Amino acid sequence: MTSIPVADKRAHATAHPDRTDGPGRRPGHGGARNRRRPARFVVGLLLAGYAAVSVYPFLWMVSAAFKDQLEVVSGGHLIPRNPTFDTLIDTWNKLHFFDFFLNSLLVTLYTVVLTLVVYAAAGYAFAVLRFPGRTFLSRLFVALLFVPGVTVMLPIVLLENELGILGTHWGLVLPFVNGGAPLSILLMTGAFGAVPAELRDSARVDGAAEFRIFLNIYLPLARPALITVALLTAIPTWNEYLLSRVSLTDRSTFTLPLGLQTLAAENVPHYNNLMAGALIVVVPVMLLFLCLQRYFVNGLVGAVKG
């Protein structure tokens, strides 16, 4: 066997700089990876610090909900020394939180259902159908995303007063549905636009009407987007305070955020009850999001691709 001189080997390596030194590795690759490690460590440390600062208030809220008033006022320790469920039970019973909970549930449910019905149909029209002014209207709805909701607060209140629905739950539901139009239409249009047009053409050849195509073909395929719209509608509706505070005056119609506000309005606020009330408000939407998180992410991705 003829051996290759060392000088020839060096010349061969110089003439072929793209050759690998081993399976799947190039010269200098390990050095570049090592240089990136300190940067990744610093970024990870900064993100971990930001996460700790962001999560701590929530953890303190949960902790205070299981303490008595004296323990909350006496120290800032996170873990309760004598955990108790009495604070949660007392808060729920004293303020009749079930009534507030039921009001919030009804307002949120009506808002979500109407939003899905109206804007699923609108998204289908913008994505599939062809009609005069289609492009202008779709761009108009996108532009409405940048209009702050507080700017239309006074017109809404005046209009509801003229219609006789000010102070009722419908006076909350209808503005919430209207306010969700831009984002809902944007997501539903993207989701329906991603459905192959051949499916609609085949259904029309088979004699299916437009409503049947929408109901039996497009809606099932857009389920992740529908769930995404439902979540993006339910969470802000459940937590909404400003319009509810301006509109509702009868305690029997109060939603959970207004019920929580009555705790803060006491002469001597009990912070453990405030935190327990906040926990009661937050837990339902957290559970809803955790249960539907997979569909939520898929709906956003599908709408963006569409």
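**A walk through an all-helix chain**

Buried residues make up 34% of the 306 residues in the chain. Buried means under 20% relative accessible area, with a 1.4 Å probe and protein chains only. This is a predicted model: local features need pLDDT of at least 70, side-chain atom pairs count only at pLDDT 80 or more, and totals for chains, interfaces and linings use all residues. Residues are numbered from 1 along each chain as its sequence is written, and side-chain values use heavy atoms, with hydrogens and water left out.

The chain holds 15 helices and zero strands. Both are DSSP runs numbered from the N terminus; a helix (H or I) needs at least four residues and a strand (E) at least two. Now consider contacts, meaning heavy atoms within 4.5 Å. Of those with a separation of 6 or more, 68% join residues 24 or more positions apart.

Start inside. The largest nonpolar core has 32 residues. Such a core is a set of buried Ala, Val, Leu, Ile, Met, Phe, Trp, Tyr and Cys residues joined through side-chain atoms within 4.5 Å. Leu 88, Phe 97, Leu 172 and Leu 260 are among those with the most contacts inside this core. H5, H8, H9, H14 (256–264) and H15 (271–305) each supply at least two of its residues. H15 gives the most, with seven. Look at Leu 260: not counting residues up to four places away in sequence, Leu 260 touches Phe 97, Leu 274, Gly 277, Ala 278 and Val 281. Apart from this core lies another, of 19 residues, including Ala 120, Val 195, Ile 213 and Tyr 218.

Next, find helix H8 (residues 170–179). Its buried residues include Gly 171, Leu 172 and Phe 176. Their cover includes H5 (97–128), H7 (153–163), H9 (181–193), H12 (223–239) and H13 (242–247).

Two of these covering helices also pack together. H5 and H12 pack at an angle of about 145°, with their axes 9 Å apart. Axes are lines fitted to C-alpha atoms, for helices over the stretch in contact, and angles run from 0 to 180 degrees between N-to-C directions. Phe 101, Leu 105 and Ala 120 of H5 are among the residues in this contact, as are Leu 226, Ala 230 and Trp 238 of H12.

Finally, see H10 (residues 197–205) and H11 (residues 210–221). Their axes come within 10 Å and cross at roughly 145°. Leu 199, Arg 200, Ala 203 and Arg 204 in H10 meet Glu 210, Ile 213, Ile 217, Tyr 218 and Leu 221 in H11.

Key:
Buried < 20%, exposed > 50% of the residue type's maximum accessible area, 1.4 Å probe, protein only.
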